[in-house]
Amino acid sequence: MHHTFQLPDYPLYLGSLQETFPAWLQQRPSAPIFILTDENTHRDCLPYFLTASGLPTDTPTMQIPAGEHYKTIATCERIWQTMLERHLDRNALVINLGGGVVGDMGGFCAATWKRGVDFVQVPTTLLSMTDAAIGGKLGIDFQGIKNTVGVFRNPAAVFGDPFFLQTLSERELRSGFAEVLKHAIIGAPALWQQLASGFTLTGNTADVWLDILQQSAAVKVQV
């Protein structure tokens with residue numbers, strides 16, 4: 001089960017990766033693929049992603065440290081160096097598998113590599129699924145100031161799979177839930193009623209999360 005939002009420049013797929021990613025990839029010409037993860041998503045999300053996407057287990061992958069304080073030009077230099085070693089040309093496709101930091105920085109590195117190569121966002125946190133991965137905002141922190149250096153560039157596609165929410169702690173879910181509540185208040189009265197009537201963060205099935213993601217993302221897409 002999945003839902004597709006067709007934005008002006010790219011599609012947003014919500015639901016099982018197995019139902020969306022392979023079909024999307026088949027429509028593209030063959031190209032070098034490079035997956036960026038952090039240490040958490042490399043451990044908790046990459047095995048599922050490779051299985052669901054149908055990509056080979058030896059697909060080139062880079063793991064960076066997790067955390068906002070690594071969203072710097074120094075980490076970008078490491079990513080660009082790895083892209084150079086992997087011989088990524090202008091036809092390459094970069095897959096950012098992670099939360100807001102991986103999406104922001106991986107997208108920024110892709111947008112500046114060879115003057116811009118295609119990338120897809122595969123958000124793995126509730127916050128990135130409902131906010132950070134949608135809209136084409138990319139950037140890094142500089143001199144301790146958040147998102148000082150960056151660009152606007154849309155991804156080739158966004159894939160939000162509720163499966164990844166099972167890997168999150170309640171604290172991480174609560175962080176993203178604040179964004180869901182904001183969207184509900186701004187433009188989704190039915191979602192607000194649903195959340196206010198006793199919704200709990202833990203123990204939800206993928207179908208329940210998919211319904212909430214659809215309603216929340218619809219507000220973000222409209223904005």
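This is a predicted model: local features need pLDDT of at least 70, side-chain atom pairs count only at pLDDT 80 or more; totals for chains, interfaces and linings use all residues.
## Nonpolar cores

The largest nonpolar core has 48 residues, and Phe49, Ile95 and Val120 touch the most other members. Helix α9 (residues 206-222) gives the most to this core, with six residues. A second, separate core holds 22 residues, including Met62, Ile64, Phe108 and Cys109.

Leaving aside residues up to four places away in sequence, Val120 touches Phe21, Trp24, Leu93, Val94, Ile95, Asn96, Pro155, Ala156, Ala157 and Phe159.

## Helix α1

Leu17, Thr20, Phe21 and Trp24 are the buried residues named in helix α1 (residues 17-26). They lie on the same side of α1, because they cover an arc of only 90 degrees around the axis. Gln18 and Gln26 are exposed, on the face turned away from the buried side.

The buried residues of α1 pack against several elements, among them α3 (46-53), β5 (93-98) and β6 (118-123).

## Salt bridges

The whole structure contains nine salt bridges. In one of them, Asp118 pairs with Arg28, with the closest N and O atoms 3.1 Å apart. Asp118 lies in strand β6 and Arg28 in the loop between α1 and β3 (33-38), so the pair ties together parts 90 residues apart in sequence. Asp118 is partly exposed at 31% relative accessibility, and Arg28 is partly exposed at 22%.

Lys71 and Asp141 form a salt bridge whose closest N and O atoms are 3.9 Å apart. Lys71 is in the loop between β4 (61-64) and α4 (73-85), and Asp141 is in strand β7 (residues 137-142), 70 residues apart. Both residues are buried. Salt bridges link Glu68, Lys71, Asp104, Asp141 and Lys146 in a network.

Technical notes: Residues are numbered from 1 along each chain as its sequence is written. Side-chain values use heavy atoms; hydrogens and water are left out. A nonpolar core is a set of buried Ala, Val, Leu, Ile, Met, Phe, Trp, Tyr and Cys residues joined through side-chain atoms within 4.5 Å. Buried means under 20% relative accessible area, exposed over 50%, partly exposed in between (1.4 Å probe, protein chains only). Helices (H or I, at least four residues) and strands (E, at least two) are DSSP runs, numbered from the N terminus. Contact means heavy atoms within 4.5 Å. The arc is that of the directions from the helix axis to the C-beta atoms. A salt bridge is a side-chain nitrogen of Lys or Arg within 4 Å of a carboxyl oxygen of Asp or Glu.
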